[in-house]
Amino acid sequence: MELPENLKPKDGRFGSGPSKIRPAQLEALLAANPKYLGTSHRKKPVKDEVKKLRENLRELFALPDGYEVILGNGGTTAFWDAAIFGLIKDNAQFLSFGEFSGKFASGAKAAPHLGNIDIRKSEPGTAPDFAPTSEFDVYATAHNETSTGVMPKFAKPVGASDESLLLVDATSAAGGALIDAKDFDVYYFAPQKSFGSDGGLWLALFSPAALSRVADIKATERWQPAFLDLSIAIENSLLDQTYNTPALATILMMSNQVDWILGNGGLSWADERTKESSQVLYGWAEDRPFAQPFVADSALRSQVVATIDFDESIDAVKIADFLRANGIVDTDSYRKLGRNQLRIATFPSIEPNDVRALTKCIDWIIENQAAKS
Ligand SMILES: *Cc1c(COP(=O)(O)O)cnc(C)c1O
């Protein structure tokens, strides 16, 4: 059985990362060859591109004076380790509500140089709250828990000490949802999700307090591997370069995406677009007797990664496999979650009408009994 051609979305990529890359990003890459690709990352053409990216991110996120856009290699996972060395002084409280937020928390817990690492955990599909005390110098959460599609509001915890920092993992949310710089100290992300580029890089918005924290820790005896040393990353970023060689293609495609979002109206435009796409999915699921949004609390439902549960009459794996066989890919649920579920990205690059088409395809698969369990 094949899906009727007229039902299919124009672009069949709905993965939560690496995510859909728009054709214009690839055209920009071709146009940048040979003056940019394959040239030194210490010379003007590449440094100009990094400078532009940093300036445009500053505009996109409306960063106040004193904030800096910092970048380095290794993706978000490397940034976690850098933060464990360079941002946590001693004690930290972590919110853990899925695979990604859990990984950062357990990484910090295992670090021999840190003190009390307090992990506040909740069931998948929900989110815990901070319980601030004067003890913690860092609080850490995720803007969007990509494994479950839970997107809690974040803000500096009330009652925390004035010197404490809030670190927000925005790997999948950044660029797809409105934020306010006063609500975080470090908002960090990677290019392969809402920015529709490729992986391997981390980017982080640092508040003045977070920049000072890095300098304070650097002034202590603590050993830090140079690759993970945030003072080195900051020093290089301010010169529009990275400590070691970055993927030039990733930077260029990311920069093109930021231009595209700004050209369409900026972060509020992207925010409305991802809300529209995700609402298509949640509304569709609520209207079907066999489906429902996984996240029960509608206020916690992600606007960039929608998770939809199916009842036992339907096999979500069969739906995802059938879609894949028809060129519509990566709608599978997060592997370790183990639910009868589809997980569908609604990042800014994804057309709301393609999301509408996807729901029609799923209806067709179910009507034609191709996903009976
Ligand atoms: C994808 C993702 C990560 C991991 O990013 P890498 O760049 O692969 O290290 C971390 N946190 C969240 C919330 C993510 O979505």
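**Ligand site and aromatic pairs**

1. In the side chain of Gln 192, an N or O atom lies 2.9 Å from an oxygen atom of the ligand. This is a polar contact, meaning a pair of N or O atoms within 3.5 Å; within protein, one must be able to donate a hydrogen and the other to accept it, and residues adjacent in sequence count only if both atoms are side-chain atoms. The ligand taken alone exposes 380 Å², and the protein buries 87% of that (accessible areas by the Shrake-Rupley method with a 1.4 Å probe; for residues, only the protein chains shown count as cover).

2. The model is predicted: local features need pLDDT of at least 70 and side-chain atom pairs count only at pLDDT 80 or more, while totals for chains, interfaces and linings use all residues. Residues are numbered from 1 along each chain as its sequence is written, and side-chain values use heavy atoms, with hydrogens and water left out.

3. The side chain of Thr 77 has an N or O atom 2.5 Å from an oxygen atom of the ligand, and a polar side-chain atom of Thr 171 is 3.4 Å from a ligand nitrogen atom.

4. Around the ligand there are 13 residues, of which Thr 77, Thr 146, Asp 169, Gln 192 and Lys 193 come nearest (a residue is near if one of its heavy atoms lies within 4 Å). Helix α3 (residues 75-86) gives the most to this shell, with 4 residues (helices are DSSP runs of H or I, at least four residues; strands are runs of E, at least two; both are numbered from the N terminus).

5. The aromatic pairs number 22 (rings of Phe, Tyr and Trp, its six-membered ring, with centres within 6.5 Å; planes under 30 degrees apart are stacked, over 60 edge-to-face, the rest tilted). Tyr 67 and Phe 184 are edge-to-face, because their ring centres are 6.3 Å apart and their planes at 90°. This pair links distant parts of the chain, 117 residues apart. Tyr 67 and Phe 184 are buried (under 20% relative accessible area; exposed is over 50%, partly exposed in between; 1.4 Å probe, protein chains only).

6. Phe 290 and Phe 310 are stacked, at 6.4 Å centre to centre with 10° between the planes. Phe 290 is in the loop between α8 (267-287) and β8 (291-293) and Phe 310 in strand β9 (residues 305-310), so the pair ties together parts 20 residues apart in sequence. Both Phe 290 and Phe 310 are buried.
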